[in-house]
Amino acid sequence: MRNRWSWVGAAFLVMCGFPAGEASAADLGPAGGGRSVAPAGDAKALARSIDAYFRARWDAAHVRPAAPADDAEYLRRVYLDLVGKIPTAAEARDFLDDPGPDKRARLVDGLLDSSAYLTRATEIYRAMLLPEADSDAQVRGLAPTFEAWLRKRVADDAGYDKIVREVLTVKFGSRGRRGGNAFDPRAEPSPLAYYVAKEAKPENLAANAARVFLGLRLECAQCHNHPFAQWKREEFWGMAAFFAGVGKQGKDDGLGPIRELPNLHELTIPGTTRIVPASFLGGKAVDWRSRAGGRELLADWVTAPDNPYFARAAVNRAWARFFGVGLIEPFDDMTDAGPESQPELLDALARAFREHDYDLKYLIRAITASRPYALTSAVGRSELAPAHLFAAMPVRTLSPDQLFDSLVQATGIRAGPGREPFFDGDSARSRFLELFADRDERPTEGQTSILQALALMNGRLITDATSVATGDTLAAVAEVPYLDTPGRIETLYLAALARRPRADEMSLMSGYVDRCKTESDRSNALADVFWALLNSPEFRFNH
């Protein structure tokens, strides 16, 4: 690799800060008091209600919100949040040059209808329901069938309640049939891998279902009554008893099929003689007269409109996806709403979510159209407000897959024929994801390790991408005959950062390139510019 250190320091003085930009004025609706949120209506109406809620909170706290994000900042943010990667240079240029006042809403609609959104939503669901695939080779082998099922449900615009219901009520088949064997290549796509990943153990299934679908961490009560927790040991095992009949067929056969004894609705608490029947959290009676199985009755209760946890948990998880933190934290443990929480807003959004048939796209349209989402992250230290007031967009680290896919998008480098699946252990993508694994860090608190920084500076992917001989984007920019130096610099900025360079950046970069005497040296200087952009904090964060 060429020695770039002679000029890197100067370049990073310009690029280490996030772009302030010129914030475009936005019609944020009339100021108003009150903290109520409209329970129904279209996504724009819900967005206006979110705005009214936070205006009241900001006024009460004497907080001045950040300026609106400019179009470039909003564009990059929405692409990363909805499709998991940055836009192409052409997409960025088209959006920035679009004079339409409704272009942000049209952008969101277009992304939600795209195959890229379908792929990203499938990835998010998979990570939520089957996180074991990232570390367990056996579960990883089931991921294709599981993702095929998820992709079909997302493509059909299935409501979130219907997806959860199908997970909870998947059919296993009777003994000796392949219906319960997720490893059978003839098996139809299904969520059966969810049960394999949880070892088909009632306690694992109950703990995960409560945490993911209800936003409750019941596992603290698995072994004993916790002195500070709301939930008691008997309540945990009452939840687990809905899965009492579920188990592996055969002795300790990890690859064997799953079977179920449908009439088993009680469990003995381990280490005791206490038998606990299946019971809903909160004390609601179980109606066994319906002849439905335990998992069917549990699914009925979990997704029922009057369930106090289900819709709130889904909305809080969605909010955390777009802001890095939930309206109640931790976002998967909403037992206690502390003073920094926003339970009133969460309740209202959950009500609207239910009334719109648990339509996640409706919720996404409302969040991305809201004022808090459209605020800039470029604020000075003196302007910082408490994070729970959402008076500025929190800066979030890119997830490993977002970073890799954005690098591929920006550089044109391909890690193989088409998009390689995350479960291909020999792929460049898999190696990259392993190196950049976030280890459960919060998006707003992630840090880059020394090995990760070296991989971005000196790794094979970046080295190839910033070489005119092997980098598709760079080669095209360097060799196209109709662009002058500013045009080439602008295109690299659009490809990497989804924005045009500021005047000071253009002056610095153009001067660096134009001082070169030969065409070869100018191409190498453009490569240096591209390398610095790809290694800048602005590239590595969602802001």
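Are Asp71 and Arg104 buried or exposed? In this predicted model, Asp71 is buried, and Arg104 is buried as well. Their side chains meet in a salt bridge, with an N to O distance of 3.0 Å. The pair links distant parts of the chain, since Asp71 belongs to helix H3 (residues 71–83) and Arg104 to helix H5 (residues 103–112), 33 residues apart. This contact is one of 31 salt bridges found in a search of the whole structure.

A salt bridge also joins Glu260 and Arg295, whose closest N and O atoms lie 2.8 Å apart. Here, too, distant parts of the chain are linked: Glu260 is in strand S2 (residues 258–260), Arg295 is in helix H13 (residues 294–302), and 35 residues separate the two. Glu260 has a relative accessibility of 26% and therefore counts as partly exposed. Arg295 has a relative accessible area of 2%, so this residue is buried, the limit for buried being under 20%.

In the salt bridge between Glu490 and Arg500, the closest N and O atoms are 3.5 Å apart. Glu490 lies in helix H22 (residues 485–497), whereas Arg500 lies in the loop between H22 and helix H23 (503–514); the pair, ten residues apart, links distant parts of the chain. Glu490 is partly exposed because its relative accessible area is 22%. Arg500, with a relative accessible area of 29%, is partly exposed.

Some salt bridges share partners, and in this way Arg499, Arg502, Asp504, Glu505 and Glu538 are joined into one network.

Conventions. Residues numbered from 1 in each chain as written. Predicted model: local features only at pLDDT ≥ 70, side-chain atom pairs only at ≥ 80, totals over all residues. Heavy atoms only, no water. Salt bridge = Lys/Arg side-chain N within 4 Å of Asp/Glu carboxyl O. Helix = DSSP H or I, 4+ residues; strand = E, 2+ residues; numbered from the N terminus. Buried < 20%, exposed > 50% of the residue type's maximum accessible area, 1.4 Å probe, protein only.
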